[in-house]
Amino acid sequence: MSGVTSINLVESALLVSIQDDVTDTEIVELQDMLSHRIAKENVKGVILDISSLEIVDTFVGRVIAQLAGISRLLAAETFVVGMRPAVAVTLVELGMYLTETRTALSLTHALAQLRRD
Amino acid sequence: MPQSATANILTILETSFSGIVEEWLGTQVKEGVKRSDLFSDAESRAQNQELLKAFAKGVRTGVVGEEFNLDDDAWEDLRAVLSEVSKERVSRGVTPTEMATFVLALKTPLFNRLEAMLDVEQSVLIRDVLLVTRLVDAFAIYTNEIFIGERDQIIERQRQEMLELSTPVVELWDRVLTLPLIGTLDSARAQEVMENLLQTILERQAEVVIMDITGVGTVDTQVAQHLLRAAAAVRLMGAECIISGISPMIAQTMVQLGIDVGTVSTRSSIRTALSDALQRVGYVIQKTEAS
């Protein structure tokens, strides 16, 4: 795993920052690594920070949806935070509504929602 | 004597330039297209002189044999003067008919002078008249095109302004936005609205957005599609969307059309939507005890 993407434990959630120059291979590796961490550390949630992503294609969209599916099976909620307006428009145009994931404006907002649960 | 097709025309343009200008003005008055209310005499005269000068220059260099093309470099001056005059006239409210007649009025003085040339044979005269007609007609068509182009620009600008005016995103409360939609919601407008809304969500870190459709006349599948896509994009950004202003009529239509709003909250009035939105960001509206 290269240094572009980091996984940090914040409160009871794993914070994953996805960098703009993330490659397809790295994101698949991330999927694998993250599923192990969720199971091992018994977290309540996974927060995907995609605020630095300027372009999202169907592949990344699908991986995010899959990550959400995996987390749900392992009893964790997935939050997508910090999506840029242009990315949101693109995803909607591609018909990827990411209904499996929850969304939040920022990390704080996501943590607040997690605490409320 | 072999003579170029434009020789006679050039001669009259050179020898009686100011006469032609005066007669051109006179014809405009006769035809009732000289707008003395919009242009002073001096202004009209100056415009006509400039146009005729550019026209003469075009005739001198831009006609090869009997052919010419107004898009050629030789006609550049005429095009420039013409577009300036047309723009000026559009902005002062001259009609297209007046504009075309204004240019076409140039024929009369030219014909009169060609006719007055004594030593011209009939066949040559006819050829010259034909050439002048074609030149002036092309001139008029070009004017009309500029005129329409100017109008189109005005329409486009106004359309843009309308788009911007009609999509205000209002901050109702801390982290609560509203988007009062009014009129029709076509694809272009929906796109504009969506982009504007998402940008504002980002700037204000808004958690709840109320899209009010009280002012939207009809909701068909297309409009519903636009609304739901906007709602989906809002959700992806991390905010929540409430669609308010769904009248009983619209609710019936939507069900009959089989539109599924999914998980998007809908309310009949902006009033209930507002109280829900405030509750979600942690406020309540309370009556003060005194009243």
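**From one residue to the meeting of the chains**

Reply: Happy to. R115(A) counts as exposed, because 12 C-beta neighbours lie inside 10 Å and a residue with 12 or fewer is classed that way. Please keep in mind that this is a predicted model. R115(A) belongs to helix 4 (residues 107-116) of chain A.

Now to the part you asked about. Between the two chains, 14 residues of chain A are in contact with 15 residues of chain B. On the side of chain A that touches chain B, helix 3 (85-93) and strand 5 (102-104) of chain A each supply at least two residues. Helix 3 of chain A gives the most, with five residues. By class, that side of chain A has eleven nonpolar residues, three polar and no charged.

The crossing of helix 3 of chain A and helix 8 of chain B is right-handed. From helix 3 of chain A, the contact uses P85(A), A88(A) and V89(A), and from helix 8 of chain B it uses M194(B), E195(B), L198(B), Q199(B) and L202(B). Six of the residues in this contact are nonpolar, one is polar and one is charged.

Each partner can be followed back into its own chain. In chain A, strand 5 is an edge strand, as is strand 1 (6-10), each pairing on one side only. They belong to an open sheet of five strands in the order 1-2-3-4-5, with mixed pairing, and the twist averages 25° from one strand to the next. At the strand 1 end, five bridges join strand 1 of chain A to strand 2 (residues 13-17) of chain A, and the two run antiparallel. There S6(A) stands opposite S17(A) in strand 2 of chain A. Helix 2 (residues 58-73) of chain A lies across strand 3 (45-49) and strand 4 (77-81) of chain A, at about 150° to strand 4 of chain A.

In chain B, helix 8 lies across strand 3, strand 4 (176-182) and strand 5 of chain B, running at about 165° to strand 4 of chain B. Those strands are part of an open sheet of five strands with the order 3-4-5-6-7 and mixed pairing, whose edge strands are strand 3 (170-173) and strand 7 (265-266) of chain B. Strand 5 (residues 208-215) and strand 6 (residues 240-244) of chain B run parallel, joined by five bridges, and V209(B) stands opposite C241(B) in strand 6 of chain B. Helix 9 (residues 221-237) of chain B lies across strand 5 and strand 6 of chain B, at about 155° to strand 6 of chain B.

How values were computed. Residues are numbered from 1 along each chain as its sequence is written. Chains are lettered from A and ligands numbered from 1 in the order in which they are written. This is a predicted model: local features need pLDDT of at least 70, side-chain atom pairs count only at pLDDT 80 or more; totals for chains, interfaces and linings use all residues. Two residues are in contact if their C-beta atoms, placed from the backbone, lie within 7 Å. Helices (H or I, at least four residues) and strands (E, at least two) are DSSP runs, numbered from the N terminus. Ala, Val, Leu, Ile, Met, Phe, Trp, Tyr, Cys and Pro count as nonpolar, Asp, Glu, Lys and Arg as charged, and the others, Gly among them, as polar. Two strands pair if DSSP finds at least two bridges between them. Axes are lines fitted to C-alpha atoms, for helices over the stretch in contact, and angles run from 0 to 180 degrees between N-to-C directions. A residue is buried if 20 or more other C-beta atoms lie within 10 Å of its own, exposed if 12 or fewer, and partly exposed in between; C-beta atoms are placed from the backbone. A crossing is left-handed if the near helix is turned anticlockwise from the far one by less than a right angle, and right-handed if clockwise.
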